[in-house]
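Colleague: I would like to learn how to read the local features of a model like this one. Could we go through them one at a time?

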Amino acid sequence: MSTPHLAEVTLPPRLRTTVCLPGSKSLSNRALLLDALAGRGGGVRHVSQCDDTDVMLAALDSLPEVIDIGAAGTAMRFLTAFLAATPCGTHLLTGTQRMQERPIGVLVEALRTLGAEIDYAGREGFPPLRITGRTLAGGHISIPASVSSQYISALLMTGPVLRHGLTLTLTGSIISRPYIDMTLTLMRHYGASVQWTDAHTLHAEGGGYRSGTVYDVEADWSAASYWYEMVALSPDADAMVHLPRLYADSAQGDAAVARLFEPLGVATRFEPEGGVTLTKACSAPCVDVPYVHDLTSQPDLAQTLVVTCAMLRKPFRLTGLRTLRIKETDRMAALQAELAKFGVALQAEGDEALYVEHYAPDAPRYDGRPIATYHDHRMAMAFAPAALVCGPVTISHAEVVSKSYPTYWQHLRALGGVGEP
């Protein structure tokens, strides 16, 4: 087992800063894949500088026989479809031990239905995969709507390079729809004809993508959520954080963070030249009013919102969390374990909901035990702002932030209060 890298977070009470966030990981990975499908004749600007995007770039640049994507779930799903639908030889697609425990059978079976040649190199239904690329005919397939939106996006993005395009029917309740719509927006940018034909059916015309297309990646709204959390928790009544390159009409589903943090006391001003400025709302949030939201469309904001509510000692109930147990870790169990170190008892309702069962009389009070991150970048980033309420907080395996926001600790250090990870 590797030695844990510890970050000692001691954030100062004054919060006035401008932060240049990384480019959106979700937009970057989609744009890189679409650029490759279009023949690499354009370019992707402001690509996210993080582990998940780095492995996509490396894989698409050289297409080695063995492609190890580490812990990058998006890369695993997107590259599975790309390698299957592109005549580029045979590849072994693998990842970390945790990645080999994350199911991929629904995507593999859907691609096999389209004629793909994919074999399991280990356990049935899980990576690693041995994939032999070929031109696929396309056609009409159905998959459960409740699967990861990354499966749906992976299939959709290959649709235009299939000989007869792709019609995809989603059965049941659709989760994370904003991520599907994000994929459609980028596909259209690259010249594809793709649309919803009814409430549960998508169709992508064959014919390929437009070569020479350039895409400019905007800043990451998911990364912005941790700065919303810091404004919400800061004792500075005049707290102000400016975040460039964020837009009100963003294709990112996590742009909803601006709305979701309003009842937690954060006001968002969209600047005419682009970017947002975060300040305290005119009236403080009422800690007695329960915070209740369905996060079906924004599951990656769950940790940020849970920790924020807990630090404000606010009753809350969050639903739509069914994908949290199969992320980088079981995020529901991880939140329960780590918030217990602050005297906060969380209760889970199966795979669907989290709510606060009770607060200890002196909660939130940090007991000093390092916060475990479980190889999950969002655990590290969501818990660091707790230092604004509870004093110094120690984050274990702080290096995990490299998955999506590698400059996170540098940005906190610029405020004057975080030790070396």
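Modeller: Start with Pro128, which lies in the loop between β6 (117-120) and β7 (129-132). Keep in mind throughout that this is a predicted model.

Colleague: What is the peptide bond from Pro127 to Pro128, cis or trans?

Modeller: Omega is the angle to read here. The bond from Pro127 to Pro128 has omega near 5 degrees and is cis. A cis peptide bond also joins Ala363 and Pro364, with omega about -5 degrees.

Colleague: Where is Pro364 found?

Modeller: Pro364 sits in the loop between β19 (353-359) and α11 (377-383). That loop also holds His375.

Colleague: What is phi of His375?

Modeller: Phi of His375 is near 60 degrees, a positive value in a residue other than glycine. His375 is exposed, with a relative accessible area of 64%. Arg313 likewise has phi near 60 degrees, positive although the residue is not glycine.

Colleague: Where is Arg313 found, and how is its relative accessible area classed?

Modeller: Arg313 belongs to the loop between α9 (302-311) and β17. Its relative accessible area is 33%, so Arg313 is partly exposed, as the class runs between 20% and 50%.

Colleague: Which residues does Arg322 touch, beyond those up to four places away in sequence?

Modeller: With that exclusion, the list for Arg322 is Ile175, Thr296, Asp351 and Glu352. Arg322 itself is in the loop between β17 (316-319) and α10 (331-339). Its relative accessible area of 35% makes it partly exposed. Sequence separation and spatial distance should be read side by side: Arg322 and Ser176 are 146 residues apart in sequence, yet 11 Å apart in space, C-alpha to C-alpha.

Colleague: Is Thr201 buried or exposed?

Modeller: Thr201 has a relative accessible area of 10%, so it is buried, the cut-off being under 20%. The residue is in strand β11 (residues 201-204). Leaving aside neighbours within four places in sequence, Thr201 is in contact with Thr167, Leu168, Thr169, Gln195 and Trp196.

Colleague: Now a pair of helices. At what angle do the axes of helix α4 and helix α5 cross?

Modeller: The axes of α4 (residues 105-113) and α5 (residues 149-158) cross at roughly 25 degrees and come within 10 Å. Angles under 35 degrees count as roughly parallel, and α4 and α5 are therefore roughly parallel to each other. Their crossing is right-handed.

Colleague: Which residues make the contact?

Modeller: From α4 come Val106, Leu107, Ala110 and Leu111, and from α5 come Tyr151, Ala154 and Leu155. By class, the residues of this contact are seven nonpolar, no polar and no charged.

Colleague: Last topic, the cysteines. How many disulfides does the structure hold?

Modeller: The test is a distance between cysteine sulfur atoms, with a cut-off of 2.5 Å. The structure holds zero disulfides. For Cys390, the nearest cysteine sulfur is that of Cys309, 14 Å away, and Cys390 is in no disulfide.

Note on methods
Residues are numbered from 1 along each chain as its sequence is written. This is a predicted model: local features need pLDDT of at least 70, side-chain atom pairs count only at pLDDT 80 or more; totals for chains, interfaces and linings use all residues. Side-chain values use heavy atoms; hydrogens and water are left out. Axes are lines fitted to C-alpha atoms, for helices over the stretch in contact, and angles run from 0 to 180 degrees between N-to-C directions. Helices (H or I, at least four residues) and strands (E, at least two) are DSSP runs, numbered from the N terminus. Angles under 35 degrees count as roughly parallel, over 145 as roughly antiparallel, 65 to 115 as roughly perpendicular and the rest as oblique. A crossing is left-handed if the near helix is turned anticlockwise from the far one by less than a right angle, and right-handed if clockwise. Contact means heavy atoms within 4.5 Å. Ala, Val, Leu, Ile, Met, Phe, Trp, Tyr, Cys and Pro count as nonpolar, Asp, Glu, Lys and Arg as charged, and the others, Gly among them, as polar. Buried means under 20% relative accessible area, exposed over 50%, partly exposed in between (1.4 Å probe, protein chains only).
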